[in-house]
Amino acid sequence: PERVTALTGIDAVSHALESAVSTAGTPVSRLFAHESWRLLATHFPRVLADGADVEARAAVQLAAAWAGIAIENAMLGGAHAMANPLTQMHHVPHGQAVALALPHIVRFNAAACEADYAELCRSLPTRGTAGAVLLADWLTDLLRQAGLATSLSELNLGHADAAALAASAATQWTGSFNPRPLAVGDFQMLYEAAR
């Protein structure tokens, strides 16, 4: 189904992106993360445009498996740390919660891994100055194509307690592998930006 495709596909995208820049990354995990990302950047938009595109679906399925191998060896990052409280406190499906957080985390991480993001941008069809801004903008466009919310307000959560979400996010083990350290105040700022 389209909704399941969108939610699971964007989760695979987040696995590839977060493991590619994880502080626990290894040469092997980065190899799997980058190849997963290359396949997803090319084929996931095709799947969203035409759910009957079996070739694209096969590539996304393979990419999801490779991203899984990458995260088993490198862990994740801030987007998953932000997503878990949204799921726990507000019952937002995991894929949607990660989708909402991912562009904000990419922008936040720019100072720590701009060169890594520029490298990942080489797989994008979009032209422009490669790096966190281009990547975050492309992700936001991808979320819209997938029919996923890009703000808390779109989920009727514009009123959500950012301080409570941030306190919970700061306890998530996944955030400890983010390339730029995240404190409670950082998480609160990111949730506020996501309103």
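Mentor: Helices here are DSSP runs of H or I, at least four residues, numbered from the N terminus. This is a predicted model, where local features need pLDDT of at least 70 and side-chain atom pairs 80 or more, while totals for chains, interfaces and linings use all residues. Residues are numbered from 1 along each chain, and side-chain values use heavy atoms, without hydrogens and water.

Trainee: Which helix supplies the largest share of the lining of the largest pocket?

Mentor: Rolling a probe the size of a water molecule over the atoms shows where empty space is left. A pocket is an open set of points on a 1 Å grid over the protein atoms alone where a 1.4 Å probe fits, with protein on both sides within 12 Å along at least five of seven lines; lining residues have an atom within 4 Å of a point. Here α1 gives the largest share, 6 residues. The lining includes Thr5, Asp11, His15, Phe44, Arg57 and Gln61. Helices α1, α2 (27-49) and α3 (54-74) each supply at least two of the lining residues.

Trainee: Which residues line the second largest pocket?

Mentor: Among them are Glu2, Thr5, Val47, Asp50, Arg57 and Gln145. Here α1, α2 and α6 (132-146) each supply at least two residues.

Trainee: At what angle do α1 and α5 pack?

Mentor: Two packed helices are described by the angle between their axes and the distance between the axes. For α1 (residues 2-21) and α5 (residues 94-121), the angle is about 30° and the axes are 9 Å apart, with axes fitted to C-alpha atoms over the stretch in contact and angles running from 0 to 180 degrees between N-to-C directions. The two are therefore roughly parallel (angles under 35 degrees). In α1, Leu7, Ile10 and Leu17 are among the residues that meet α5 (heavy atoms within 4.5 Å).

Key. Angles under 35 degrees count as roughly parallel, over 145 as roughly antiparallel, 65 to 115 as roughly perpendicular and the rest as oblique.
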